[in-house]
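Please look at the sequence and the structure below with the aromatic rings in mind.

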Amino acid sequence: MEKFEWWKKAIIYQIYPRSFKDTTGNGIGDIKGIISKLDYLQWLGVNAIWLSPCFPSPMEDFGYDITDFKDIDPTFGTLNDMDSLVAEAHLRNLKIIFDFVANHTSDKHPWFLESKKSKHNSKSNYYIWKDAKLDGAVPNNWICVPGGSAWEWCEERQQYYYHAFLKCQPDVNWKNPELQQEMLDILHFWLKRGIDGFRIDMISWLCKDDEWRDNPVNPDYNPKVDMTFMKLSRMY
């Protein structure tokens, strides 16, 4: 009989922690709330739970602007709470999948705060920085998903940084081996804590044109359509 990896045939139930189950009475869902519903999810016939981001974040983009990939936002609980969720889920033969936001971080992330200080520090190449054109214009005509230029000027570094999404979400530089290792370390951190897998957010955005050429103008472009697609792709 042909064998499949579990995720190919699993019934996966997505949970947005903030709106799922509140156990403290503050109107915000939390990890303990998810734990309290595991028996229900098992009864539904679910095989795995896909958690939307619950990492520390300013929450300017529903938690997809992350400041620490190796911790839990106190709004939702603690690392110990997450360990308990994983353990309790596994007791019920439920797997846990994390949303791995690989394309960008929050502009409040320590990597970015360090990177923007200068062109010559340990994190200077963790993000995508470009000089202005000779006339001061942005490096190219790329636009971000919400609309407008995908380049934001940083006065401190005297360069533009690239953001495919909100300006508070600078894209990380996957051409940098050190950044790649940081991301692998994050995955290993959670795998060692029992996480069963990852859904990689916006994976199609990780690779950029090495020549940074202008895009051809699309007269029918509608940023509202892109924003709707982005939200739906995160939901489904």
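In this predicted model, one aromatic cluster is formed by Phe69, Phe100, Trp111, Tyr126 and Phe198. The count of aromatic pairs comes to 21, and two of these pairs are set out in the table.

| Aromatic pair | Arrangement | Centre to centre | Angle between the planes |
|---|---|---|---|
| Trp142 and Tyr162 | edge-to-face | 5.5 Å | 75° |
| Phe189 and Trp190 | edge-to-face | 5.0 Å | 90° |

Which parts of the chain does the pair of Trp142 and Tyr162 tie together? Trp142 lies in the loop between strand E4 (129-130) and strand E5 (151-154), whereas Tyr162 belongs to strand E6 (residues 159-162), so the pair links parts that are 20 residues apart in sequence. Trp142 has a relative accessible area of 8% and is buried, and Tyr162, with a relative accessibility of 5%, counts as buried as well.

Are the two residues of the other pair in the table, Phe189 and Trp190, buried or partly exposed? Phe189 is partly exposed, because its relative accessible area is 22% and buried means under 20%, while Trp190 has a relative accessible area of 1% and is therefore buried.

Note on methods. Residues are numbered from 1 along each chain as its sequence is written. This is a predicted model: local features need pLDDT of at least 70, side-chain atom pairs count only at pLDDT 80 or more; totals for chains, interfaces and linings use all residues. Side-chain values use heavy atoms; hydrogens and water are left out. Rings of Phe, Tyr and Trp (its six-membered ring) pair if their centres lie within 6.5 Å; planes under 30 degrees apart count as stacked, over 60 as edge-to-face and the rest as tilted. Helices (H or I, at least four residues) and strands (E, at least two) are DSSP runs, numbered from the N terminus. Buried means under 20% relative accessible area, exposed over 50%, partly exposed in between (1.4 Å probe, protein chains only).
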